[in-house]
Amino acid sequence: MRIPATSRLCPILVCLCFIQRADGAGHRPPAKVLARGQTKNQTGETEVHHRPKRGWIWNQFFVLEEHMGTEEQYVGKLHSNSDKGDGSVRYILSGDGAGTIFLINEVTGDIHATRSLDREKKSHYVLHAQALDRNTGEALEPKSEFIIKVQDINDNAPRFPEGPFEATVPEMSEVGMSVLQVTATDADDPTYGNSARIVYSILQGQPYFSVDPKTGVIRTALANMDREAREHYTVVIQAKDMAGQVGGLSGSTTINVTLTDVNDNPPKFPQKNYQQYVPESAQVGKPVGKIKANDDDLGANADIRYSISNSEGANVFSIATDRDTKDGIITLRKPLNYERKKTYTLHIEGTNTHVDPRYSYLGSFSDTTALKITVGDVDEAPVFSLDYYIMDVYENSPGGTEVGAVTARDPDSRNSPVRYFIDKKEVGTNYFRIDEISGVIRTTQPLDREDTAWHNITVMASEVDNPGLFSHIPVTVQVLDVNDNAPQVAGDEDIIVCESTRAGQVIQTVSAMDKDDFANGQRFSFALPGQLPVNPNFTLKDNEDSTASIIARRRRFNHLTQELYELPVVVWDSGEPSLSATSTLTLRVCPCQRHGKIRMCQGEAFLSSAGLSTGALIAILLCIVILLVIVVLFMTLRRSKKEPLIISEEDIRENVVTYDDEGGGEEDTEAFDIIALRNPAAAEELKFRRDVRPEARQLYGGPRGHRSPSLELDEVDVHEFIKQRLVEANMDTTGPPYDSLQTYAYEGQGSPTGSVSPLDSLGTQSEQDYHYLDNWGPQFQRLAELYTEADSNMKT
């Protein structure tokens, strides 16, 4: 006979109810059971109405989650002690899910769940129960709260976070090294049963890894795992609830474990012996080969340092590591010569640069190999005996003179003959030629040291068997000096002789120059030509220091009498043989400032101080002439325009006075006199010649208080006089008509310098000192000399 599920759960529910009731009795205060007739007043005190004592009869309820039955799930029964079973009591349910999830029979108080519940969504419901009198509707019991708990079942499997996971562990790790910890979660109730009790196990990855069943920590399970043998591993971990018992739910995840590299492999050369061919023409500093040791490690653990351990190879070759390829690059340090040494043996060692002492037990982390280098024979260019040649030859030597010789040989074992020639691309190679067999260099023409003291040529040598292969060598030829140039007096400018030069005075010191070198031309002697008569004006003194002094033999030169003098001078050098030459010096007489050191003529001084050349001076003079022509033309045009306004002598307008006299200087005896302004008629009587000195008696002959009219007129303020005359003319009704013109000109009063006319100077003659004219500059030098000569003549 099949027993319904609800019937099977009844004993369990009864037990749970008693346990819960006992638990509630021990932890919760007893529920108050109020009988009918008991109420509370406003002060909170209970009033007794002598009714029979009644109360609730009910338990805490449980309901299983995920109920799959067709019938409603029975939850429990509410019963009041006031219920006599006659149907007079009505039960009402309110709260979470009342009327929807939970329904109550109003007569019997039975509660049923109408749908399946999920504890993971809501674990309990809080409801309120109330008992009413069906007839009157009065509350038989106060509203009371109770809880319906949803009882958990194992309906959730353990879950891991989203995977897969990545983990690393060093290779060669010890057993038990932690790799990663994984954690699964279970949504079931961990406080009830074993639904949420998880146990971990490994499904894939053995025997390399293991997992702790409680913590989920994954550890290494095999020692000395080698990355070079296997680098990647896949580990699958399972989490099972119900403590791993049969029937529990499970979940799994995947972990990809990678072994990281450690330096546990030494470098290894694939071979113990290598061979390399290198031609003897290989350039120094260039790579000639490479070699490589293998290392199974990665990154810095595979870095290798190469070295040459034997001295035979280390002296000629060097080796360095290429950072990218880890190759050992072999470079040539010295030139190779097949004729001297044909083979080299290099002992090469490769060593790890980052050694881990934990793995030193594996052995030495280095390896060695031998490299044999064979030098290849190459046809080489001829080799000269010297790196460069310096030769010399005397100047003026005839063409064909031997300068020197160069030698070269074939360095190869065949010792092929060598031919020489000069590189004609360079400048100056036409002065020399070379014998193509002997290498002797000769001149083709006489050389001049003063023209070119050094000649640079390039000699080339090539093999007869291979003329396309040649070598170069620089050759420098020095031209030696001979005394073939006569000395000359230095300087080509005129020598200035001051007019005030005294006898015995040094006019100037001269030196000489010679194109020859120091040994033949830097010691000079000076003298006047012996075949010429004695020079009355100048003499020459040899200072014996390669200079000579020109000395005046008389005083008082005059450039007006003779401006230029010529003085021939003979100069000897100290060469072998000694050479001499005569130079003619030009001496120019010029007036110089007294006590001055300037030895330059006035005209030259003016031009040099102004910085003007002859062309510039001509241009300035031409501009001045053009300006003068323009001024003359302007004045001519101006006069031609004024001619119609000039009134002729026949002009009947006698009231017009014409003043067109511009003056004639000191010779003008009819110059305009200011007396004409005051009285033109009287002015004719008072005219006197201004170029004649008035007698003293006319000025001073009279009484002291009386002076001549001219002197009185000179002291009159002309400006005030003109103003007075203007007022009088305006008030005079008998004057000329209104259209007449009277002109008054006034240029100022007196000159602060006074008169320079000799008429007012004293007539007595006295001795004058005219040396003060020297302070006025070179312009008055000649004036001072003229006055001095005049005084001398008068005294004589």
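This is a predicted model: local features need pLDDT of at least 70, side-chain atom pairs count only at pLDDT 80 or more; totals for chains, interfaces and linings use all residues.
## Ground rules and fold

Residues are numbered from 1 along each chain as its sequence is written, and side-chain values use heavy atoms, with hydrogens and water left out.

## Burial, contacts and surface

Of the 796 residues in the protein chain, 31% are buried. Buried means under 20% relative accessible area, with exposed set at over 50% and partly exposed in between (1.4 Å probe, protein chains only).

Take contacts (heavy atoms within 4.5 Å). Among those between residues at least 6 apart in sequence, 65% join residues at least 24 apart. As for the accessible surface, it comes to about 51400 Å² for the protein chain, and carbon and sulfur atoms own 52% of that. These areas come from the Shrake-Rupley method with a 1.4 Å probe, and for residues only the protein chains shown count as cover.

## Aromatic pairs

The structure holds 10 aromatic pairs. Rings of Phe, Tyr and Trp (its six-membered ring) pair if their centres lie within 6.5 Å; planes under 30 degrees apart are stacked, over 60 edge-to-face, and the rest tilted. One of the pairs is F102 with Y125: the ring centres are 5.2 Å apart and the planes sit at 70 degrees, so this one is edge-to-face. The pair ties together distant parts of the chain, with F102 in strand β8 (residues 102-104) and Y125 in strand β10 (residues 124-133), 23 residues apart. F102 is buried at 1% relative accessible area, and Y125 counts as buried at 7%.

Then there's F538 with Y565, whose centres are 5.6 Å apart and whose planes are at 75 degrees, so that pair is edge-to-face too. F538 belongs to strand β39 (residues 538-542) and Y565 to strand β41 (residues 564-572), 27 residues apart, so to speak a link between distant parts of the chain. F538 is buried with a relative accessible area of 1%, and Y565 is buried with 8%. Elsewhere, Y208, F209 and Y233 form one aromatic cluster.

## Charges over rings

A charge sits over a ring if NZ of Lys or CZ of Arg is within 6 Å of the ring centre and within 35 degrees of the ring normal. Y125 turns up again here: the charged end of K122 sits over its ring, 5.4 Å from the centre. K341 does likewise with Y344, its charged end lying over the ring at 5.2 Å from the centre.

Key
Helices (H or I, at least four residues) and strands (E, at least two) are DSSP runs, numbered from the N terminus.
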